[in-house]
Each structure stands twice: as C-alpha cells, then as structure tokens.
Amino acid sequence: MLSNQLQAVSTFTEEGNSEPFSLPALPYSYEALEPHFDKLTMEIHYTKHHQAYVTNLNKAVDGTKMAKWSLEEILSTVSKYPLAVRNNAGGHYNHTFFWNILADNAGDSPRGRLAAAIARKFTSFEAFKEEFAKAGLSRFGSGWAWLIMNEKKDLQIVSSPNQDNPLMDLAEVKGIPLLGLDVWEHAYYLKYQNKRADYITAFWRVLNWREVEKKFESIPQ
Ligand code: MN
C-alpha cells in the first residue's frame with residue numbers, strides 16, 4: 001500500500017476553537033485505487049465534496065446542542081432537525097464510511113461467517129453482487145446502495161436517496177451499514193460518464209472485504 005501522504009484537515013474558528021467535525025485522513029493516496037477509481041475523481045471527491053459536507057455540517061450545528069454530539073447521535077434523531085443537518089451529517093458519515101471500506105490490493109471475496117451469511121441469504125456471492133448492483137443502478141438520481149444488518153438481524157440490500165443512510169431515524173429500512181456504495185454522478189462521471197454499471201463493476205475491484213467482515217463481526221449475534 002502506498003504510504004499515506006494526507007494529513008487530517010482540521011478547521012478552526014476565528015477564535016481558534018476547533019470545529020466539532022473535521023475531514024478524516026484518507027487511508028491511502030489519491031492514485032491508490034487506479035485504474036478502477038481514478039486519481040482526479042478521488043481527489044475532487046475527497047477535497048471538495050467530502051470537505052463541503054464537513055464545512056456545511058459545522059455551520060448547521062453551530063450554536064446548537066448537536067455541536068457536542070457524535071455523528072451517530074445526530075443521525076439517529078435527524079428527522080427533528082433542519083434539512084441541512086440531514087444532508088451534511090449524512091454526507092460526512094457516508095463518505096467517511098466509504099473511504100474506509102476501499103483499498104488497493106483489494107477486491108477478492110468475503111470469508112468466514114460473513115461469506116456463509118451472504119451465501120445463506122442471497123444463495124451465492126455472485127447472486128449477492130448482482131442484487132447489490134441492481135440496487136445501485138435502480139436508485140434514481142443521487143444516492144447510495146447498502147448492505148445492512150437490519151433490525152431483525154438479517155442481511156438486507158437497500159438504497160437511500162441523496163445523503164440519507166440506514167442509521168437515520170427516517171430511513172425506510174433501518175440497520176447497521178456493512179458496505180455502502182456512492183452512486184452520485186460525482187463519484188464516477190469523470191471516468192465512467194453515464195456508465196454507472198461499469199463504475200459498480202470497478203467498485204468490486206477496490207472493495208476491502210476485510211473491513212466489511214470486521215463490521216459484521218462487531219455486531220453482537
Ligand atoms: Mn460522494
């Protein structure tokens with residue numbers, strides 16, 4: 001893996017106080033996921049899009065009790081707050097999640113208990129990938145596809161609009177995200193243009209199943 005040349009970007013108010021939320025360091029360089037996810041898309045996606053969600057989340061929670069809350073606390077009650085909180089807390093959570101499940105030298109397949117659970121639920125890993133791709137392709141406009149552990153402790157593929165996610169109290173299906181795919185055009189348009197299906201195929205080549213397994217294993221059975 002290429003050494004990480006990126007620093008966490010902390011932002012400070014004029015008084016020198018740290019903002020409640022900051023852009024986390026990418027765990028790899030911008031070019032690490034080439035040729036599947038290209039360097040320019042990664043750089044813009046991280047430094048412009050993700051940064052904007054962080055900046056706008058800090059603005060949206062400024063002077064409210066949410067400034068002291070964790071992202072998860074905000075998401076679990078987000079229906080009570082303005083749309084700017086929903087969009088930007090979701091955007092910050094979703095992108096942080098996404099960067100952490102990607103890696104170079106990745107793209108194999110799940111192992112162990114997760115592999116067994118996927119095979120049980122979807123009949124095979126191939127069938128799972130097909131159903132997940134369908135969720136990403138059929139999400140009209142901007143949004144995300146997810147594999148979650150739902151409230152019945154069952155694996156389920158869902159999709160969400162915009163920057164919503166399954167941790168939000170207003171989600172159609174709630175659960176713990178195990179893997180998520182950004183299907184906004186900003187995630188793929190420079191390299192794949194209108195071909196979202198090709199981008200989804202490329203995603204499997206950079207998905208780090210070891211991270212997905214860790215999330216699965218951390219959920220009490
Ligand atoms: Mn994005």
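Mentor: Start at the metal. The manganese ion is coordinated by His-45 (NE2), His-95 (NE2), Asp-182 (OD) and His-186 (NE2), at 2.0 to 2.1 Å. This is a predicted model, in which local features need pLDDT of at least 70, side-chain atom pairs count only at pLDDT 80 or more, and totals for chains, interfaces and linings use all residues. Residues are numbered from 1 along each chain as its sequence is written, and side-chain values use heavy atoms, with hydrogens and water left out.

Trainee: What makes these atoms donors of the manganese ion?

Mentor: Distance. A donor is an N, O or S atom within 2.8 Å of the metal (3.2 Å for Na, K and Ca). The atoms here lie at 2.0 to 2.1 Å, so they qualify under the 2.8 Å limit. Water is not among the atoms, so a site may look incomplete. Along the chain the donors follow the spacing H-x49-H-x86-D-x3-H.

Trainee: Which parts of the chain do His-95 and Asp-182 tie together?

Mentor: His-95 lies in helix H3 (residues 83–100) and Asp-182 in strand S3 (residues 175–182), so the pair ties together parts 87 residues apart in sequence. Helices (H or I, at least four residues) and strands (E, at least two) are DSSP runs, numbered from the N terminus. Both His-95 and Asp-182 are buried.

Trainee: How do you know that Glu-213 is buried?

Mentor: Buried means under 20% relative accessible area, exposed over 50%, and partly exposed in between (1.4 Å probe, protein chains only). Glu-213 has 12% relative accessibility, so it counts as buried. Arg-210 is at 24%, therefore partly exposed. Lys-214 reaches 51%, so it counts as exposed.

Trainee: Why is the contact between Glu-213 and Arg-210 called a salt bridge?

Mentor: The term asks for a side-chain nitrogen of Lys or Arg within 4 Å of a carboxyl oxygen of Asp or Glu. For Glu-213 and Arg-210 the N to O distance is 2.8 Å, so the pair meets the 4 Å limit. The two are 3 residues apart in helix H8 (residues 209–217), about one helical turn. Both also belong to a network of salt bridges with Asp-108 and Arg-111.

Trainee: How far apart are the closest N and O atoms of Lys-129 and Glu-126?

Mentor: 3.7 Å. That is within 4 Å, so the salt bridge stands. Lys-129 is buried, with a relative accessible area of 18%.

Trainee: What makes S1 and S2 a pair of strands?

Mentor: Two strands pair if DSSP finds at least two bridges between them. S1 (residues 143–150) and S2 (residues 155–161) have 7, in the antiparallel sense, so they pass. Met-149 stands opposite Leu-155 in S2. The two strands form a hairpin with 4 residues between them, and Lys-153 in the turn has a positive phi of about 60°.

Trainee: Which residue of S3 stands opposite Leu-147?

Mentor: Leu-179. S1 and S3 pair in the antiparallel sense over 7 bridges.

Trainee: How many residues of S1 are buried?

Mentor: 8 of its 8. Gly-143, Ala-145, Leu-147 and Met-149 point one way, and Trp-144, Trp-146, Ile-148 and Asn-150 the other. In a regular strand the side chains alternate between the two faces of the sheet.
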